[in-house]
Structure formats: C-alpha cells, structure tokens
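Reader: I am new to this structure and would like to go through it with you. Could we begin with the way the chains meet?

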Amino acid sequence: MYPIERVEPLNAEVTRMVVRAPEIARKIRPGQFIMLRIDECGERIPLTMNECDPKAGTVTIVFQAVGATTMRLAQLKAGDALLDFAGPLGNPTELEGARRACVIGGGLGTAIAYPQAKWLYEHGCEVDVITGFRTKDLILLEDEINACSTRQIVMTDDGSNGNKGLVTQALQQRIDEGADYDLVLAVGPVIMMKFVAATTKPYGIKTLVSMNPLMIDGTGMCGGCRVKVGDEYLHACVDGPDFDGHLVDYDDAMRRGVMYRSFEGAAREAAEGRDCNGGTDGERKGA
Amino acid sequence: MATSYEVNRQKEKVPMPELDPAERAKTFDEVARGYSEEDAMAEARRCIQCPNAPCVGGCPVGVPIPQFIAQVAEGDFARAYAIVKGANALPAICGRVCPQETQCEGVCTRGRNGEPVGIGRLERFVSDWALAHPEEAAVALGKMRDERAACGVVEVEPKDLAGKRVAVIGSGPASLTCAGELAKLGCGVTVFEALHKVGGVLTYGIPEFRLPKALVEREVAELGESGVSFETNALVGKLYDVDELLGERGFDAVFVGTGAGLPSYVGIEGEGLNGVMVANELLTRVNLMKAYEFPEYDTPVYAGKRCVVVGGGNVAMDAARTARRLGADVRVVYRRGREEMPARAEEIHHAEQEGVKFELLTNPVRVLGDDKGWVRGLECVRMELGAPDESGRRRPEAVAGSEFVIDVDMLVIAVGSKTNPLIAQSTSGLEMTSRNLIVADERTCATSKPGVFAGGDAVIGAATVILAMGAGKRAAAGIAEYLASKA
C-alpha cells in the first residue's frame with residue numbers, strides 16, 4: 001500500500017496529491033509517469049509525475065476529475081492509501097543541452113510540464129512558460145512556475161485574466177519577437193499539441209510532445225497505447241511518452257483516444273457509492 | 001516394476017466431465033471439471049508401471065510419474081500429492097496447461113496401442129485434492145521429506161544456502177519454479193514483479209476458463225509460506241537495475257525470468273484502427289483486470305459482434321474463446337492448414353465446440369475502416385502450401401486473385417510476441433542474440449555476466465509454461481552451484 005500524505009485541491013477540477021513511495025521518488029525524472037490502482041476492483045491509470053522529493057520519499061501527482069477513477073481518487077484524504085503505485089515508467093524527457101526553451105502547458109498539462117521547466121531553469125536554461133486555461137479560475141501553479149521560469153505567459157480562452165487567446169498565439173508572438181528557441185515542449189490536449197507542432201514546424205524548432213493515450217499495463221506488454229509516429233506505431237509507455245512533435249499523427253491519436261468513451265458513463269455510475277476496499281472485507285464479489 | 005493392482009485394460013482415457021459447450025461459451029467458469037476420486041483411481045490403474053518409465057524423461061521437471069500414479073491407484077492421494085509436489089512447485093497449474101501430448105503422455109507406453117495414461121489429469125486431480133485437504137497434504141509432505149531418497153524424487157542437489165539472497169526478476173512460471181527450489185535450500189528469495197499481481201502469463205494471459213486465478217493465487221501463496229517474498233509494482237530496469245540488485249541491494253545472484261511479453265503486429269495497413277487490438281491487450285483487460293465483470297470492476301473491454309482473431313497458436317485460441325464469451329461471433333484466420341496450427345489439438349477442439357469458426361490457409365492483407373476510424377472489414381487472401389522453408393514447415397503462398405473481405409467490428413492480433421529489451425538495455429555486460437534473447441548456458445542457465453542467470457521465454461522466445469519451469473529448475477541448480485562455489 002502507498003500512503004497518501006497530503007491532498008490539496010488546486011481548483012474546482014484539479015487535485016494535487018502527495019504519495020509516499022520512497023523507491024520511486026529516488027528514481028523518477030521529469031517526463032516519467034506512474035500507473036496507479038486505487039483498490040482491488042480499480043483500473044490502472046497513468047499519471048505523470050508533478051514533483052518528487054527523494055529525501056521525504058514522496059511523489060506528487062496532479063489530476064483532473066474527469067471519469068470514474070479520477071473522481072474516486074479526488075475523494076481520498078490524507079491517511080488513506082493507494083493499493084498500487086508503479087513507476088517510474090516511460091523515458092525521462094530529453095532536456096540536456098537546451099539553452100533557450102519554451103515549455104507549453106494546456107490545462108492539466110501545466111502540472112505535467114512543470115518539472116521539465118524547473119529542471120531546465122535549474123540547469124541554466126532560459127525558460128519561457130506559456131500556459132493556457134479555459135478561464136482564470138482554472139489557472140494552475142502560477143507561483144511555482146514564476147519561481148522557475150524566465151518569463152510566464154498565462155492565456156485564457158475567455159480572456160478573464162486579461163490575456164485572451166490560445167497558447168499557440170502566444171508562442172507565435174514570442175517567435176515573432178525574436179525568441180530563438182532551441183526546444184519547445186508541449187503538454188496538454190492532443191489538439192493543442194498538434195497546433196503547437198504546426199506553429200514551430202516552419203521554423204524547424206525541435207518540438208517534443210508528451211502523448212497521453214489509453215494505457216493498461218504501462219510496461220510495453222499490450223500495445224494499447226500505440227501512437228503513430230512517422231510511418232510506424234510506437235508504444236507511448238516504453239518508447240515515449242515524449243515524441244518528436246513534427247512526426248506524431250495527431251488525428252490518429254485523437255481517434256484512438258475516444259475508443260472507450262461509450263464505457264465511461266457506465267463506469268461513473270457504478271463507481272458512485274461502491275465500497276471496494278481491496279478484498280479485505282471478503283464480502284465484495286470477486287474479492 | 002510390478003503393479004500391486006489389476007491394470008485397467010481400457011484403451012481410452014477415463015473421460016473428464018466438461019461444462020456443456022453452449023452453456024460455457026457464456027461464462028468464464030472453468031471448462032474441464034476434473035476427475036472424481038473413483039475416476040482418478042480407474043485412470044491411474046491404466047498405468048502399467050513400465051520399468052523404463054519414458055514418461056518421466058518426457059517431463060521437463062522430472063515428476064516421478066509412475067510412483068505418484070501408483071499411489072493414486074491405491075487411493076493414497078496425500079502421498080501421491082507429496083511425490084508430485086517434491087518435483088513440481090505448481091502441479092495444479094501444470095496439470096491444466098501443459099501440452100502433455102508432446103511431453104509425458106506423448107511417450108507413454110500405453111499410447112502405442114490406444115490412448116496414453118491421462119497423466120496431466122491425474123496430476124491435476126492430486127493437486128486439487130490437496131487444495132481441498134490441506135492438513136492431510138501437509139502431513140504427507142512432511143513425511144515425504146524424511147523418506148525422499150527412498151521414493152526416487154529427482155531434485156536439486158542439497159546444499160546449505162542459508163544466509164544467501166537471490167533476486168528473481170519476473171514472477172511467471174520460470175521465476176516461480178526457480179524461487180521455490182532455492183527457498184527449499186534455505187536461500188532468501190525476493191521476487192520482483194512489474195504488475196500488481198504475481199504469476200506472469202498464468203495471471204494475465206491464460207484465461208480463467210482454462211486456469212482459475214484463485215488457484216494460481218493459492219499455489220503462489222504456498223511459495224510465500226516456504227519463504228519466498230514478493231515485491232509487486234517493481235519494474236526492474238526502471239525502479240531498480242540488475243547492477244544495483246547485485247551491488248547496493250546486496251543480492252548474491254539474480255535470476256532473469258522476464259518472459260516474452262512484447263506484442264507483435266502483422267504489419268499491414270489499418271492495424272491502428274479502433275476495434276483492433278493485440279491479444280495481450282484483450283487478455284490483460286479480461287484476465288488481470290477482470291473486465292468481464294465491468295462495471296463491477298473499473299476496467300472496460302471493447303467487444304464487437306463480429307470478431308476475427310489472426311493467428312493459430314494457443315494465445316489465438318484463448319483470445320477467440322474469450323471474445324466468444326464477451327458475446328462476439330468469432331472466426332480464426334490462419335495462414336497455414338489445421339495440421340500446422342501450433343495450438344494444442346484440445347484447445348482447437350474446445351474452441352470449435354464453443355462455436356468458433358476457422359478460416360484456414362487464409363492471410364490478412366489489409367484492415368478496412370469506416371469514416372470514423374473504426375474497423376469494419378478485413379481483406380484476406382487464400383493461401384496454398386508451397387515448398388518447405390528453413391524451419392521445415394511448408395511455406396504458405398498467396399493464391400493470386402483470391403482476395404475477399406470478412407465483415408468485422410473487432411480484430412484481435414495473435415501472431416506471437418517478442419522479448420522486452422528493458423533488462424538488456426539497463427544491464428551492463430549481458431550478452432544478447434539479435435532477437436533480444438538473453439544468451440544463457442543450457443545446463444546452468446548462467447549468462448555472460450557473473451552472478452546473473454536467465455531462463456524461460458526470455459532465453460528461448462515464446463514457448464510453454466512447462467519448458468519455462470524446467471529452465472527455472474535448472475537455473476536453481478546452477479545458482480546453488482554458483483553460490484556454493486563462492487562460499
């Protein structure tokens with residue numbers, strides 16, 4: 001079992017959770033992820049590391065309550081525990097050598113892009129961070145990012161923070177102003193990553209995107225997370241999750257991403273009010 | 001060896017009851033129900049106790065078959081179990097999933113004129129009996145330990161390995177066997193498993209209707225009682241690496257039993273369409289995650305109405321029968337003929353009984369999708385068998401102009417699997433073949449790196465449970481030898 005040390009809502013939809021996992025905390029690097037399972041009848045879901053503290057032996061995850069599992073996860077409290085927490089999985093983001101980087105986070109992707117921005121900043125890289133949200137109440141990690149970036153630009157779809165527009169508009173503006181990036185890193189909805197890559201392509205700026213396909217085992221065994229990159233399918237869990245943004249087939253990824261949408265309603269309904277404590281009570285079916 | 005009972009001259013095996021095909025195709029309950037005590041004794045009495053006992057040589061872990069069968073024939077099931085268990089750590093599993101027709105039963109003397117003795121069924125019977133009578137089984141095991149030499153049990157040469165520690169990577173059949181054998185010698189064993197449940201292919205791959213998971217859990221729990229500890233959620237190569245296990249983590253030796261779990265694709269257009277999956281995904285969702293109980297369990301599984309499974313091995317049969325149970329009409333597409341199918345005859349027969357249809361000498365050419373990107377058809381071509389290839393099998397060749405389309409909304413690819421390169425990539429000085437297989441000594445399972453041993457599918461590529469167990473046993477002996485020489 002993996003004890004939860006702290007739970008903190010970051011906004012109405014997004015929760016930050018600090019989990020005790022000393023071995024993982026020692027090894028995990030920016031860009032890598034974990035697979036977790038809440039209890040015995042839970043599913044495995046992938047979540048990317050937001051922060052780790054090797055001394056304290058903790059790994060922090062940030063998630064948005066969008067479906068049955070993340071809604072249940074959001075109800076857990078400090079002192080509860082997760083049944084399974086496996087990692088580090090995937091490859092760390094290749095950040096070595098970047099001198100002038102732009103890190104772009106869309107919505108929850110901001111929390112996932114944060115450790116990369118921090119690593120780059122701490123390694124002497126000039127870092128612009130551009131983040132995008134629907135509205136100002138959903139803005140994430142503004143203070144944390146301020147502390148580890150050369151420049152932070154926060155965009156909102158509705159302009160409620162006085163900065164209306166998409167992350168790609170901000171990126172284009174920075175490029176037009178002469179920002180000479182040698183690395184752009186985008187994390188967020190597939191459609192956002194698609195347009196970031198389309199923005200950087202004419203300039204030949206190296207662009208990495210962190211793909212977020214469906215995963216089951218997360219160890220390279222089942223092929224559920226395959227992503228079309230160039231002419232071949234690669235497995236995001238072992239070959240990624242970062243890929244060359246100019247080679248990813250985003251339309252293919254978006255299509256595969258909705259494959260299980262019709263199941264999600266039923267899962268949410270069933271999850272409500274279910275007691276599923278890992279088979280210790282011996283009462284639940286199949287325990 | 002003379003028999004102390006009258007030999008049953010029946011040419012056929014005593015039949016084993018099975019669930020009715022129409023009924024069982026709707027549930028995940030075990031198909032084969034096992035022998036009653038009377039059935040088991042009648043079948044055991046078909047064994048003529050021939051002096052050369054070819055069956056023992058046919059068993060990769062060397063179970064003393066005539067000895068245990070004689071005890072079943074006499075009705076001493078506890079003692080029969082103790083004899084089996086002495087040589088085989090997982091008898092309830094082997095009795096169910098071994099391809100006995102090419103192993104012990106394939107060389108049985110009775111098989112020369114009629115059916116061989118049902119050795120697998122009897123092994124299953126005694127281990128199921130022991131699970132139902134744990135106290136009597138434990139007493140018999142204790143007694144057997146005292147008189148082991150007398151009954152000719154083949155086992156690892158006894159050495160005192162108290163205080164030694166071995167890390168076993170992976171928890172499939174090769175690893176579990178290796179761990180069990182080392183624990184018997186007093187060695188401290190820790191098994192590292194990447195998934196949240198132990199068992200490897202026994203847990204995520206082989207379906208409930210062939211191998212109930214509760215039974216795997218019980219055989220694994222028995223290993224735990226013998227002193228083996230398990231660390232799940234531990235992907236070696238990421239969380240730890242082999243050098244670290246041998247160094248700062250203080251293990252004296254490492255066994256790599258990581259299997260061959262990486263999916264292979266056919267490599268045709270349209271394999272990325274929605275509704276197309278590799279058999280490993282279907283089986284993992286259903287077996288490991290219990291998706292057939294969705295939404296009681298959170299993991300869903302997509303099942304179509306018309307399913308095609310591509311491939312002809314046991315995994316293809318498992319996938320086809322699983323899809324059938326999820327409500328699909330299922331067809332197996334295989335490029336060679338029935339005789340060439342690598343799946344066990346019994347599995348093909350079971351699939352057929354359950355309504356799975358076969359398109360033999362047929363090869364998929366292209367997957368067709370609709371405008372939303374879901375699979376809707378599989379274009380195939382008829383094949384004929386040409387000249388033998390380097391493996392000795394006749395090479396299938398496409399018949400020009402024979403293309404046709406099967407309507408499908410679910411396509412499962414079961415064309416084999418490859419070895420995960422993670423251990424090789426993260427370990428210094430480990431010699432590999434061009435196919436990512438670990439090079440290991442056939443007798444001792446030693447690799448090119450001192451203190452590191454390997455066996456099972458990680459060394460020979462995708463094969464059978466019992467071959468993996470045989471390798472696990474040899475590796476335990478090899479490790480024992482290595483540790484004793486270092487002491």
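Author: In this predicted model, chain A and chain B bury about 4000 Å² between them, with 52% of that area on carbon and sulfur atoms.

Reader: Which three residues supply more than any others of the area that chain A buries against chain B?

Author: They are M221(A), M259(A) and Y260(A), which supply 17% of that area.

Reader: How many residues does the contact take from each chain?

Author: Chain A contributes 47 residues to the contact, and chain B contributes 46 residues.

Reader: And how many salt bridges are found across the interface?

Author: The rule finds six salt bridges between chain A and chain B. In one salt bridge, the side chains of R26(A) and E244(B) meet at 2.9 Å, N to O. The interface also has 22 residue pairs in polar contact.

Reader: Which element of chain A gives the most residues to the side that touches chain B?

Author: That is β7(A), with six residues. Elements of chain A that give two or more residues include α1 (22-27), α7 (250-257) and α8 (261-271). By class, this side of chain A has 19 nonpolar, twelve polar and 16 charged residues.

Reader: Turning to chain A as a whole, what does its secondary structure come to?

Author: It comes to eight helices and 15 strands. Of the 287 residues of chain A, 56% count as buried.

Reader: Why does the radius of gyration of chain A agree with a compact globule?

Author: A compact globule of 287 residues would have a radius of gyration near 19 Å, and chain A has 19 Å, so the two agree.

Definitions and conventions. Residues are numbered from 1 along each chain as its sequence is written. Chains are lettered from A and ligands numbered from 1 in the order in which they are written. This is a predicted model: local features need pLDDT of at least 70, side-chain atom pairs count only at pLDDT 80 or more; totals for chains, interfaces and linings use all residues. Side-chain values use heavy atoms; hydrogens and water are left out. Contact means heavy atoms within 4.5 Å. Buried area is the accessible area (1.4 Å probe) that two parts lose on being put together, summed over both. A salt bridge is a side-chain nitrogen of Lys or Arg within 4 Å of a carboxyl oxygen of Asp or Glu. A polar contact is a pair of N or O atoms within 3.5 Å; within protein, one must be able to donate a hydrogen and the other to accept it, and residues adjacent in sequence count only if both atoms are side-chain atoms. Helices (H or I, at least four residues) and strands (E, at least two) are DSSP runs, numbered from the N terminus. Ala, Val, Leu, Ile, Met, Phe, Trp, Tyr, Cys and Pro count as nonpolar, Asp, Glu, Lys and Arg as charged, and the others, Gly among them, as polar. The radius of gyration is taken over C-alpha atoms; the globule rule is 2.2 Å times the number of residues to the power 0.38. Buried means under 20% relative accessible area, exposed over 50%, partly exposed in between (1.4 Å probe, protein chains only).
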